[in-house]
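Subject: A structure for you to look at

Hello,

Please open it first, and then read my notes below.

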Amino acid sequence: MKMTSMRSNFEPGTTRWAVRRAQWLAMGLSEEDLLKPKIAIVNSSSKLSICYAHLDGVCREVEQAIREAGGVPFEIRTVAPSDFVTSAGRQARYLMPSRDLLVNDIEVQVEGAELDGMVLLSSCDKTTPAHLMAAARLNIPAIVVPCGYQLGGECNGCHVDIEDVYKAIGTLKAGSLSIDDLAAMTRHAIIGPGVCAGLATANTMHVLAEALGMALPGSAPIRAGSEALNVSARRAGHAILDLIARNIRARDILTAGAFRNAVAVAVATGCSVNCVRHLAAVVSEAELDVDIVREIEAARDLPQLTTVRPNGPHRIEDLDRAGGCRGVMKRLSPKLDLTVLTVSGKALSANLDDAPEPDQRCIRPLDRPFRDEPGLTILRGSLAPDGAVVKLSAVPQHIRSFVGKARVFKDESAAIAALESHSIRDGDVVVLRGMGPKGGPGTVFAASFMAALVGAGLGAGVAVVTDGELSGLNSGITIGQIMPEAAEGGPLALVEEGDSIAIDLNARALDLEVADDVLARRRAAWQPPDHSKVRGWLGQYASLVQPLSKGAVLRPRQ
């Protein structure tokens, strides 16, 4: 690429050339630097959460590599949402909106400055999808750097990690664990920086960034704080200059074939249910005609090739050692579009040709999977006409149908209180509703109830149906992302205490067993939530958020 063709090099003598030149020379840039490719390093470093504690060090590695490759790095700080920290206020209503706030934050800083490319340091749950969305929206050369997972520790002779702490709340509520034992677990559950251990939403989106071709091959999952991560960061710093020189932009990589590949990886590994809304959001920003829900349905014949917690006994570090995302894609190669371009500058086929053979103890071949069903799939029916997401890999294998009476809650804390008082029993279907993006506004936490339910020993005896925020760490009979959500007037809004709900995992069905005339009377009396008095960011979010089936992106209402 000719230096004069880069958008960051303004015409000499113009106002914006002169004032920016003065700013950057004063910062120590040289005359030569002013003509080089100018690259944003998008860094969500924060001291609020261990997920982000190491990112400044990763940023330094990328900066050095960009300089070595002939570019000029500009570190850009953004909002840094953490699912286990930022969830404290307003019952986690800020979490989903933080994703879209981050996208807009990146747009303002990178597009406003007309920089030439981006390296995006991704960590906790919302940062990776936001980074992918921003790359798709801005459509400039961009690379995602998955910044790694944390390790668990040992407590009283047993392995313990954040998933164990999460589930232990239910064990405490059930009276089978003391507060002192829980406190001891919290002291040992996290060893070092990075995102939650296990194939929860953060590691899921790290893996899917690579599956989409937006992260370099071999970069997910990867241990935070490791030399392997430093090497990955330096590789990204060099690679972004090549993408700029070849004018390879995000939408050259984020194609329909790339999304189908990512769906195949999500289904074959049993990724977090939240990946459905996030992939749909990236599709929306890329302005592609791809329906992620339908794509997941179309992949229903893919088997499950991994059993990483909470789906089975393996840890995320086992998947890392076994070959990671690249290993899974090598196993899936007969089912993938191998012609798609990736940020390596090569087609996926070339990346997989270079990949070592995966360790079959953790990543099984297609003809000898861990389970003959997909790890992630879609249910439809009278309760979810637009679909709902279930992580089959986290449901006990002997459970394929469940019929129970509805227990309806609009608040997670009320459901947890009912669990503590033993008023939720085997055979119940707990309905947590009015908690979706429109209903909150901002998706309300339902994940802690599900974790508590499993910890109380009821994960195989009680089903949960919700439009609220789930965690990739959740296991049990959990049906999430009910579409349309209750606040849109979906059938979930019409469920009453004691109604019969039927779940058939083999038939991929989710039905409310209530007569049509009864539902018609309830619908006539239903009123949408009134958010007109909600102020601040959540009020703005409420006026712009689109349906879950569209990824809950922000768009002006027509």
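Predicted model: local features only at pLDDT ≥ 70, side-chain atom pairs only at ≥ 80, totals over all residues.

Let me begin with helix H7, which covers residues 201-211. This helix is mostly covered, with 11 of its 11 residues buried. Among them are Thr201, His206 and Glu210. Just after H7 you will come to Gly213, which takes a positive phi of about 90°.

H7 also meets helix H14, residues 324-332: the two axes come within 9 Å and cross at roughly 55°. An angle of that kind is neither in the roughly parallel range (under 35 degrees) nor in the roughly perpendicular one (65 to 115), so H7 and H14 are oblique to each other. Their crossing is right-handed. On the H7 side the contact is made by Val207, Glu210 and Ala211, and on the H14 side by Cys325, Arg326 and Met329. Sorted by class, this contact has 4 nonpolar residues, 2 charged ones and no polar ones.

Now for strand S3, residues 117-122, which is mostly covered too: 6 of its 6 residues are buried. In a regular strand, side chains alternate between the two faces of the sheet. In S3, Gly117, Val119 and Leu121 point one way, while Met118, Leu120 and Ser122 point the other way.

S3 has two partners to look for. Strand S1 (residues 38-43) pairs with S3 in the parallel sense over 5 bridges, and here Ala40 stands opposite Met118. Strand S4 (residues 142-146) also pairs with S3 in the parallel sense over 5 bridges, with Ile143 as the bridge partner of Val119.

Enjoy exploring!

Best wishes

Note on methods:
Residues numbered from 1 in each chain as written. Heavy atoms only, no water. Buried < 20%, exposed > 50% of the residue type's maximum accessible area, 1.4 Å probe, protein only. Helix = DSSP H or I, 4+ residues; strand = E, 2+ residues; numbered from the N terminus. Axes fitted to C-alpha atoms, helices over the stretch in contact; angles between N-to-C directions. Parallel < 35°, antiparallel > 145°, perpendicular 65-115°, else oblique. Left-handed = near helix turned anticlockwise from the far one by under 90°. Contact = heavy atoms within 4.5 Å. Nonpolar A, V, L, I, M, F, W, Y, C, P; charged D, E, K, R; others polar. Pairing = 2+ DSSP bridges.
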